[in-house]
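Some notes on this model follow, as numbered points. Please read them beside the coordinates.

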Amino acid sequence: MISIIVPAHNEEAVIGRCLEALTSGCEPDELEVIVCCNACVDRTATIARDFGAPVRVVESNIPSKTSAMNLGDEVARGFPRIYVDADVVLPLQSVRELARVLEQDEVLAAAPAVRTVYPPDATWAVRAYYDFWMALPYIQEGMMAAGVYGLSRSGRARFNQFPNVIADDGFVRLQFTSDERVEAASALSTVSAPSKFADLIKIKTRSRLGVYELKVRFPEHFLRESKSKQYGKALLALARIPRLYAAAVPYLWVNLVSRYRARRQLSHLEAYVWERDNSSRAASADAPN
């Protein structure tokens with residue numbers, strides 16, 4: 001049985017499409033989907049319960065994604081174990097492909113390839129940012145983990161509980177060498193971009209703050225990871241793609257502003273309020289049905 005854990009905080013707008021993709025066409029006892037509602041005050045839990053088997057719901061009053069994931073792990077029964085953000089669309093066939101890849105002894109962690117879709121009113125700058133970002137060679141290296149990753153039984157044994165961190169996917173990535181984690185190219189997840197440039201800066205600030213937090217709390221693991229990224233080589237490769245020249249402007253601006261904002265927030269991390277974009281949690285004209 002494949003166990004899928006979906007942490008969710010007030011995700012009534014998107015939880016239905018997430019669960020529909022995961023479960024449509026599944027065989028009896030093929031998988032279990034555990035929706036871990038943390039401090040929800042909307043209809044997320046109700047919508048999830050209405051799906052019935054193989055979906056079940058656990059609830060907590062603690063507003064923490066990683067706490068919710070730990071709660072899901074406590075009740076999950078199967079492996080491989082796949083963690084899926086509620087605003088991500090991962091079709092059942094891609095779940096099966098991830099599970100197949102994770103059956104290989106040398107693979108401990110895997111993530112699908114990523115497709116980005118845009119709201120109808122997404123600005124040029126938002127689209128340009130993602131065009132540039134997705135073209136970076138080190139982004140295409142094994143296990144980018146944009147809202148989805150899977151662990152084998154041995155991979156999940158690499159650590160005990162998820163720590164209370166912003167970047168759970170970054171923490172997981174740090175547990176494995178590049179030989180132990182892979183991108184399952186035959187699997188595909190769909191993530192929705194924000195519509196506004198300001199919202200893009202918010203979510204990228206959160207991502208950057210998560211990286212800074214990991215660097216402070218897990219310096220040895222972080223050093224190993226940073227050495228594997230060849231930033232100079234990546235930029236040189238992109239210099240050979242003229243169509244991306246204009247897209248470099250919003251990409252560099254987002255990086256500069258998000259780094260500045262994240263450094264300021266790092267000194268007050270205990271008071272951090274999760275920044276999220278709600279525009280991407282509405283149906284997109286580009287999104288699959």
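1. Strand 2, helix 2 (residues 44-49) and strand 3 form a β-α-β unit that is right-handed. Right-handed means that, with the strands pointing away from the viewer, the path from the first strand over the helix to the second runs clockwise. Helices (H or I, at least four residues) and strands (E, at least two) are DSSP runs, numbered from the N terminus.

2. This is a predicted model: local features need pLDDT of at least 70, side-chain atom pairs count only at pLDDT 80 or more, and totals for chains, interfaces and linings use all residues. Residues are numbered from 1 along each chain as its sequence is written, and side-chain values use heavy atoms, without hydrogens or water.

3. Strand 2 runs parallel to strand 3 (residues 55-60), with six bridges between them. I34 sits opposite R56 of strand 3. Strands pair if DSSP finds at least two bridges between them.

4. Strand 1 (residues 2-8) and strand 2 are also parallel, joined by seven bridges. I2 has L31 as its bridge partner in strand 2. The chain crosses from strand 1 to strand 2 through helix 1 (residues 15-23), and this crossover is right-handed.

5. In strand 2 (residues 31-38), eight of eight residues are buried. Buried means under 20% relative accessible area, with a 1.4 Å probe and protein chains only. L31, V33, V35 and C37 cover one side; E32, I34, C36 and N38 are on the other.

6. Disulfides count zero, with a cut-off of 2.5 Å between cysteine sulfur atoms. The sulfur of C36 is 7.8 Å from the closest cysteine sulfur, in C37, so it is too far for a bond.

Methods: Buried means under 20% relative accessible area, exposed over 50%, partly exposed in between (1.4 Å probe, protein chains only).
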